[in-house]
Amino acid sequence: MKIRSAIFFIFCSIGQFAVAQAPSLYFNRVTIQNGLSHNKVNCILQDQRGFIWMGTDDGLNRYDGRRFVVFRHEPGNKASISGNIITDIVEDEKGVLWISTSDGGLSKYDYRLSSDQQFKQYRNIPGDPTSIPVNIINDLLPDRYGHLWLATGGYSVLRFNKSTERFERPDPGSRRTALKMCLDSNGVLWVGGQGGSILKVNTKTLASETDPRYTNLYSGLPHATVTALYKDSNNDIWFGSWDNVLYRYSAATQSEEVFDQSTPAAFPVEEATSFSEDNEARLWIGGRYAGLTIYDKNQNQFFNYRYDPAREGSIADDQVNCIFRCRNGMFWIGTNKGVSVYNPLQQYFVQTFLPATGKKITIYDFYEEKNGDLWIATTNGIYIQKKDEHNFLHLPLSYKGERLSVTKFFSDSKGNFYIGTNYSLFLYDKKTNRISMLPGTEKDPVIGKIIDSRVVSITEATIEGKPVLLVSPYGHFLTYYDFDSKTWVSRMDTVKKIIQRFNLKDNLIRKFYRTRSDQLWLATGKMGLAEWTTNSSPTLNFRANNPAEAGTISNDNVYDIIEDAKNNLWVSTYGGGLNYFDTKSKKFDHIGATNNLLEGIHIDSKEQVWMIINGNLHKYNPQTGSYSSFSLPDLEKSGGVKGNIFKDSGGFMYAAGLNYFIRFKPEAIDDRAGQPSVFLTDFKIFNKSFNHLLSQSQIALRYKQNYFTIEFAAPEFKTGQVQYSYMLEGWDNDWIEAGDRSFANYSNLDGGHYTFKVRATNKKGNWGKEVAAMPIRIVPPFRKTPLFYILCASAAALIIYLLYRYRIKELLKRQAIRNRIAQDLHDSVGSTLSSISVYSQVAKIQYERGNNSELKHVLERIGVTSTDMISEMNDIVWALNPQNDNMEKIVQRMESFAKPLLKTKNISCDFNYNPGVLHLNLSMEKRKNFYLIFKEAINNVLKYSNCKNLEISIQLLNQQIKLIVKDDGQGFDKDQLKTLAARSMSGNGLNNMKRRAEEMGGTGDIQSEPGKGTIVQLQFPIT
């Protein structure tokens, strides 16, 4: 039988080539299905932050490994990119991108500016000699002097001064189309274009040089039209041309070398369009028609790779437009059908295909012979791969005419070799390639011919002191072969009754696993992990999930078991992820970082756990708690690997897929890629971009702008498994794990200072220390600012102080009033009492003398004086009573005082007042003075006026009270005013009236003429 083998190598920087053998390269594909704006990709660049930029025929794309951000030209919008057909991208030392287009000239992009200023256009403006002369730009290249060189369509090459923004033409008058450029080791610019071969320009002096032989376009010279230029690590210049030949100009020999079909290293008949180089100085060459070609300088061999529609992982298209090698060694190949990405992390996984049979072959198990040969158990019998060979020996097996699926290998302690199948268990003779059943096997109703199942596990054991072979025909509990009686004991045995005796609670036994201490454990599908204990009879102790009990297994569907160096067990479950079982404490610890649907597991020499999950390999590092996943090559897109993991004596591990298996050395896999750097990419307030705020040391927002979105990204391309967590210090209590979500929303924040922090990882559970942070200050409304509280506190303090001062002032005022009252009382009462005392002495003398008439007169004077004093005391007491503050009470007292007295003198009194006066309140001092002035006026009328009529008027004018007392008496001469005042009742007369008026803040006036009566006027403010 003819055997075909296909071995698939994925390697970093091409790995190590076998002599004259082309390695099969596997490429992941990025297309419009992933968010790319257009499948025709013309140029690729990685910027300083790590983002991959892709220029297409329909816009510029920024890629972080998972998501695309697309920039397109918007007609009439000068803030957009200048064109949509992107031909090249370069980044200068300031992190500014320069983008050339073939439909819109040149664009400058600075992500740190506001969204309306990020792009600046340099387009041709007719009639403006300072603008770019043409909008078709094919290539960009910065020189060592800070200038930017442009290969244009129809204007040869231009130099752009970024400082002055001026375009210069070192090749004036030329209408040639320049296609590609490169700088040699001397700083000379090589320009390839349509016709004329190569133009050389001194980038400092602008002196140019051409080969005069190419003046004649029909001379038939080589590389008349140069389509690609590249300087390699040896400073050699490589270039391709329309004549489908590859050229190399040697810097060492200053000579030109040709590679075509006639040379020993046959280059495909192809036009080279792009170049790149790997760590081993191997040249990657993109072609216009023949895909990717790799040149190994050491072997002097070319290896060509083309698009294969029958294979997943081939290059996306045979037309390659650009090749870019990013900083982590990945190659990005732009084609007309998207980007093909070569991932160096996949180099360690070798995909080996079984010989093609047209059938879907499932691999169940592996076995390694002592000589290193690899045995493979499959649905199509046994395949054997000799050590260090690529071919396979196929051993199909059948029994009684029925083709057998080989499902398990087992070699016992005596050297017997067993194979489990979908039919039964067989002894296998490796020398004769013959199988046979153990004696008595056909008689057993279970193992004689397994119904709808297969043998999944085999081990040796001792039952009732006898050696047995323990077998699991999946779905039929377990069965064992007694070598002494040469019989099988299974669930159908009515004498042994092993289900009851062994406490067999689960018929789905996936695996028997024996530890180094000879302890046997069983992986069951419904009852968790089972421990095999052997006393007089075996008993299974099941350790199942109990949600109410801590330390139990996370799920009862156990798939695989492996022992670590500490004699503890790693247990995988299909539904509950990975568990760690401490064999001493009998407690399980669930590893939350892992996926729930685990299949086979194994441990490498570093005690790292490898797992099969959803068709790919995953790794958990118990020392660091980190979790990694690896995307495996799958040329036929069959769904990835499944089942268990096998480990050979050399430490290589094997995982099986449909028709193939993956072989890898765990210790050789370098997944130590640093923690991805995370960047804040946009800041939106109410969904409007304010990107420029991210360039500030702090973002300050008004309190009405407290709904915002922060976008972030961590460029990571090796694993594609970036996870984010973020927090807003001052608001969030802890880190928020966002998965692959790359934005955070916040709203209704209180005023204050916050710090937004975000971190990223490509190893779940291991966040590292690198964090991107941005201070944010929400300016609160003025009513919530400290200044407002200070002002309020100050105002309150001022009010309290003013109230205090007012109270002190009032107290002082009251004290002054009291002092005046006390003084008045002292003066009035004292003088009156003194008068009474004098009169008493006089009365005593008159009495002793018997002068009764004089005695009577003196006693009358004492009575009058006492009455006056009582009246004055009564007035003072009334004035001090706060109940009399109301003007109504004052008016009543004024009436009750004046009218009776005037009536005794037959004086007619007309007392009128403004009704509004009655609702006013006067202070104690004003009330006292007002009343006493009125009383003084009435007393003067009674004593001196001899009037018949008296008019009393109280008016309210402009918040002032006006009192008018007008009589029609005899009047007086103003010159006699002092004399009249001296004769008043108070002893101070009219002067007292004026003094009291001044104390009230008012004015007092007396108008009188002899024979014309007297008018007394008082006017004072209410307050």
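Predicted model: local features only at pLDDT ≥ 70, side-chain atom pairs only at ≥ 80, totals over all residues.
Local features were taken only at pLDDT of at least 70 and side-chain atom pairs only at pLDDT 80 or more, whereas totals for chains, interfaces and linings use all residues. Residues are numbered from 1 along each chain as its sequence is written, and side-chain values rest on heavy atoms, with hydrogens and water left out.

A salt bridge is taken as a side-chain nitrogen of Lys or Arg within 4 Å of a carboxyl oxygen of Asp or Glu. The structure contains 33 salt bridges. One of them joins Arg282 to Asp296, with 3.4 Å between the closest N and O atoms. This pair links distant parts of the chain, 14 residues apart: Arg282 lies in the loop between strand S23 (272–277) and strand S24 (283–287), and Asp296 in strand S25 (residues 292–296). Helices (H or I, at least four residues) and strands (E, at least two) are DSSP runs numbered from the N terminus. Accessibility is classed as buried under 20% relative accessible area, exposed over 50% and partly exposed in between (1.4 Å probe, protein chains only). Arg282 is buried at 7% relative accessibility, and Asp296 is buried at 1%.

A salt bridge is also formed by Glu464 and Arg501, at an N to O distance of 2.6 Å. Glu464 belongs to the loop between strand S41 (455–463) and strand S42 (466–473) and Arg501 to helix H1 (residues 498–501), so the contact ties together parts that are 37 residues apart in sequence. Glu464 is partly exposed, with a relative accessibility of 38%, and Arg501 is partly exposed at 29%.

In the salt bridge between Glu563 and Arg516, the closest N and O atoms are 3.7 Å apart. Glu563 is in strand S49 (residues 558–563) and Arg516 is in the loop between strand S45 (509–514) and strand S46 (520–524), so parts that are 47 residues apart in sequence are tied together. Glu563 is buried at 8% relative accessibility, whereas Arg516 is exposed at 55%. Elsewhere, a network of salt bridges links Arg66, Arg67 and Asp740.

Aromatic pairs were assigned to rings of Phe, Tyr and Trp (its six-membered ring) with centres within 6.5 Å; planes under 30 degrees apart count as stacked, over 60 as edge-to-face and the rest as tilted. By this rule there are 73 aromatic pairs. Tyr122 and Phe160 have ring centres 5.2 Å apart and planes at 70 degrees, so their pair is edge-to-face. Tyr122 in strand S10 (residues 119–122) and Phe160 in strand S13 (residues 157–161) are 38 residues apart, and the pair links distant parts of the chain. Tyr122 is buried at 7% relative accessible area, as is Phe160 at 0%.

Phe353 and Tyr660 form a tilted pair, with 5.7 Å from centre to centre and 50 degrees between the planes. Phe353 lies in strand S30 (residues 350–353) and Tyr660 in strand S59 (residues 660–664), so the pair ties together parts that are 307 residues apart in sequence. Phe353 is buried, with 2% relative accessible area, and Tyr660 is buried, also with 2%. One aromatic cluster is formed by Phe683, Phe708, Phe712, Tyr724, Tyr726, Tyr746 and Phe756.

A charge is assigned over a ring if NZ of Lys or CZ of Arg is within 6 Å of the ring centre and within 35 degrees of the ring normal. The charged end of Lys430 sits over the ring of Trp375, 5.6 Å from its centre. For Arg741, the charged end sits over the ring of Phe743, 5.3 Å from its centre.
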